[in-house]
Amino acid sequence: MLNTESNIKFIKGVGEKRAEMFYNLGIFDVDALIHFFPRKYEDWTNTKSVSQVNSGDNITIKATMITPVKEHMIRRGMTLYKCRFSDGESVINVTIFNNKYLAQSLRVYEDYVLFGKIEKTFTASSMSSPKIEKPDTGICIHPIYSASGKLTSNAIAKVIKTALDSLDEIPETLSDDIRKKYDLITLDEAIRLIHFPNCEMDTYNARKRLIFEELLTLQLGLLKLKSNKKSETTLRITEDYTDEFTALLPYRLTNAQKRAIAECVKDMQNKYPMSRLLQGDVGSGKTAVGAGIIYTVIKNGYQTALMAPTEILAIQHFEGLSKMLGSTGITIRLLTGSTKAKEKREIKADLYDGKIDLLIGTHAIIQNDVEFKNLGLVITDEQHRFGVKQRANLANKGHGIHTLVMSATPIPRTLGLILYGDLDISILDELPPGRQEIRTDVVDSRYNSRLYKFIRDAVDRGEQCYIICPMVEESDEAPCLKSAEQFAEELSQSAFEGYNLGLLHGKMKPKDKEKVMKAFSDGDVQILVATTVVEVGVDVPNATIMVIENAERFGLSQLHQLRGRIGRGNKKSFCVLVSDSKSENARNRLMIMKKYSDGFRIADEDLKARGPGDFFGERQHGLPTLKIADMLEDIEILHLAQDCAKDILDEDFNLDLPKNKHLCSSITKMFRDIEY
């Protein structure tokens, strides 16, 4: 008899060869197999006759095979098999493509169920490559799995059916109290019904149970991650130097900035380490908040570290904070991958001796040989670009360290609770005075001549312009997309001949990027043609125009980030989204950018359109992969799971009670690749 820990090669009909195919899907044991859920279903239960349906309908027909299969070889490697079926009223001409096994299994005068698209004319009806099964196994709801290579969805279904038939009752993971309170079926029922439901209600009940448990496990893991940091720290901030810091500034902080600094200082005055997310829209003044907190920590005798995802952003932080704190005697150094070896050695020695108060850099500062004498605060910027492990690596440079995460990517509040469940959240919901509202327009390439004249006029007045392209270089796969290299060359010889054009993209060497960006910051480059490498952080107050080519290729939040690079001075600024897309959906998305300037509202719209997977790119946020739950669609269940998780931990924080032992192992399994 199988159990959930059995290797799948021991399931009847699998063996070594087919087991390898399952291994390629990340399925090694029976437990992983039964948790490989269908991506959709096909309902074959509603059989109809040809006369009851329209041409083009997807239907299920119960019919008798009335002619033997005839084989037709079209070319090498392509064979057609033709035969006829009858539903008692009409004849259906069936064509099967390259499926010798199916063709040879069919028998004349036997009954079958055909599922697929029906094509009807006045004289004939036909089905091309329908799915065909015997009525006893065919008339049901069929699960459809994400297949791979020779391992078809049907083959996966058969193996799962065999495994479930061989298993005793699947052990329950939730207590009776929880199941009763939230009206959930047992895990055994849920697993069996998610794969082989008898009706739509079966699917609903199974999904509800499995989604609830997955989100509950996620929330428990995140809450424990947060609580694990609740061991007491000796890094206590005894005095608040915020007033002294604000006196250094040539401007007044907003109420939101003051509130955020106060929340952070209060956290650091407690006996537990601070673990907080500072989230604000583009231009909301996160850097000033970070500087205020850094100032207080250093004045209390501790070192601080700030990690940025790119060298350009690290350099900007270094320059900005040096300017802001330069007159205070605070020692600030920059450490990146391109820092020369001799300077790196000096920085590491000074850091270890406590001669450096603030170290700013890229991931180079989490290398093993970078040691601090008395690290008190760690700040990571643009957290969604780092995984949880990287944040943990930096925090591990000391004991009980205070951590602050800054993000300029507006994240809807509910999603923020999930992504940053291990952090308290401060939100900067107020822009500093003097920030210009940016006018946004959506045009197609027919407006290019007018647009280029508009840019020339602005540059002639001494202003600067960004032109953003979706690609670095030309691609045969996407010839219609503008490439930065080609477009820069083209524009320099036509519309902007005689003007200083710069080129910036991610494939350039860090030194070359820095050189171009400095030339743009200094005003030597008037028009910068770039990819999204400018998305984060680069601050050029004199840049008043941003043109984004093939704008439909970008997510709304990314467009908003790009737009945030302008409007930083006192001149009126303009963002022009250029798109020749004929898609109504693409057009509507771009009009959201014209309509809204609030990044949080745009993030909501972006999330609705793209879902959290695309919203964050390739799992850069470091969360466990969810197998069945959807952070947007299942928001109501998420709230229930959050409440349940808090109740469980209030009663049994270490999950020591017998009723919680399965949940404890589920958390370990879900978070096995993430360092607590």
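Start by selecting Ser-175: at 11% relative accessibility this residue counts as buried (buried means under 20% relative accessible area, exposed over 50%, partly exposed in between, with a 1.4 Å probe and protein chains only). Before you click on, remember that this is a predicted model, where local features need pLDDT of at least 70, side-chain atom pairs count only at pLDDT 80 or more, and totals for chains, interfaces and linings use all residues. Residues are numbered from 1 along each chain as its sequence is written, and side-chain values use heavy atoms, with hydrogens and water left out.

Stay on Ser-175 and show the cartoon. The residue sits in the loop between α5 (153–166) and α6 (176–181); helices (H or I, at least four residues) and strands (E, at least two) are DSSP runs, numbered from the N terminus.

Zoom out for a moment. The whole protein has 23 helices and 22 strands, and 52% of its 676 residues count as buried. Of the contacts (heavy atoms within 4.5 Å) between residues at least 6 apart in sequence, 73% join residues at least 24 apart.

Next stop: charged pairs. A salt bridge here is a side-chain nitrogen of Lys or Arg within 4 Å of a carboxyl oxygen of Asp or Glu, and that rule gives 24 salt bridges.

Go back to α5 and pick Lys-161 and Asp-165. Their side chains form a salt bridge at 3.1 Å, N to O. Why one turn? Because they are four residues apart in helix α5, Lys-161 and Asp-165 are separated by about one helical turn. Colour by accessibility and you'll find Lys-161 partly exposed, with a relative accessible area of 38%, while Asp-165 counts as exposed at 52%.

Now jump to Arg-333 and Glu-343, whose closest N and O atoms are 3.5 Å apart in another salt bridge. This pair links distant parts of the chain, 10 residues apart: Arg-333 is in strand β12 (residues 332–335) and Glu-343 in helix α13 (residues 341–353). Glu-343 counts as partly exposed, at 33% relative accessibility.

Then select Asp-522 and Lys-518, a salt bridge with 2.9 Å between the closest N and O atoms. Asp-522 is partly exposed at 48%, whereas Lys-518 is exposed, with a relative accessible area of 51%.
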